[in-house]
Amino acid sequence: MAVTHVKRPATNRAERPATVRRRRRRVRPHWWYLAPALILMAGVLGYPVVDAIWTSFQHNVLTHPDADHFAGLDNYRSVLTDGALLSAVWHTVVWGAANLVLQLVLGFALALLMHQRLAGRAVFRSVVIIPWVVPSIVVALVWRYLLDPTSGPLNQLLTGLGIVSTSPQWLADQSTAMPVLILLSTWKWTPFVAVILLAGLQTVPKELHEAAMLDGAGRIQRLRYVVIPGIRTSIALAGLLTVGYSINNFNGIWMFTKGGPAGSTETLTTLAYRYAFTEFDLGRAASIAMILFAFLLITSSVYFYVVEGRKGSKS
């Protein structure tokens, strides 16, 4: 009669297979490698957000340090009923929408040009990205000199050609200040959008273009049915980044007009700065920052739902 020996399962750590113990030793260190970066991100990103949220519910005025107390929603009520906020919201929407449309359209056109096999393409690509890599302070100094109403080369050229009779006050006129700032922002940041879209264009398979050409599709049809669908993710990413940095672009407005003239270029970022460092009311400044943060969070969520969510459902 044959005797069958049944192997007992390991009941303690000493009896576990050596392969299991080695596998766990290989897995555990990965989390330890990520821990310093996660802690650093929590400190650098998490703490300022939590502190701003807490400050937005506080009556925190630097000129009256003894009067600090928990204010609840008073700061939000104060800024929401302030006429300056409604004007700043409108200017922020105009500023963000105009930058989005102009930079996407011009960036797409530049990307198409940079994607072509032209003579001196490398030089052309290097020249195109110059406005993007130039520091913002340098851009502000150069353009303020060019737009100077008395000695600026642009006004001298326009008056010399007889196009205008008097030198325009580009940054001091309420009717021209915001359009000029939008054009300057478009000039600086369009190359960034073009680089993103160029990367997308380079991922579109050449076989799709060849198949469309064999089917008799012209350039416009290939652009509509091959190129644009192929770079849809790049377009969405460029649009999201454009909205984000346009709304947060404090330097692009403050270094030129400081929100003027007469508040015609006041956005949420400049208004929050004015509350914090002119009126020294950190509570109301933080509440405006939280409103702006909520808007950007909603925008990012919509992007990931529309773009990434659809990609996940298709897969």
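Of the 315 residues in this protein, 34% are buried. Buried means under 20% relative accessible area, exposed means over 50%, and partly exposed lies in between, with a 1.4 Å probe and protein chains only. A word on the source: this is a predicted model, where local features need pLDDT of at least 70, side-chain atom pairs count only at pLDDT 80 or more, and totals for chains, interfaces and linings use all residues. Residues are numbered from 1 along each chain as its sequence is written, and side-chain values use heavy atoms, leaving out hydrogens and water.

Next, the secondary structure. We have 14 helices and two strands. These are DSSP runs, numbered from the N terminus: helices are H or I, at least four residues, and strands are E, at least two.

Now the core. Which residues touch the most other members of the largest nonpolar core? Val 193, Leu 197, Ile 231 and Ala 238, out of 21 residues. Helix 3 (83–115), helix 8 (177–201), helix 10 (219–230) and helix 11 (232–247) each give two or more residues. Helix 8 gives the largest share, eight residues. A nonpolar core here is a set of buried Ala, Val, Leu, Ile, Met, Phe, Trp, Tyr and Cys residues joined through side-chain atoms within 4.5 Å.

Take Ala 238. Setting aside neighbours within four places in sequence, Ala 238 contacts Leu 104, Val 193, Ile 196 and Leu 197. Contact means heavy atoms within 4.5 Å.

Last, Thr 186, in helix 8. Thr 186 counts as buried because its relative accessibility is 5%. Residues up to four places away aside, Thr 186 touches Asn 99, Leu 102, Gln 103 and Leu 106.
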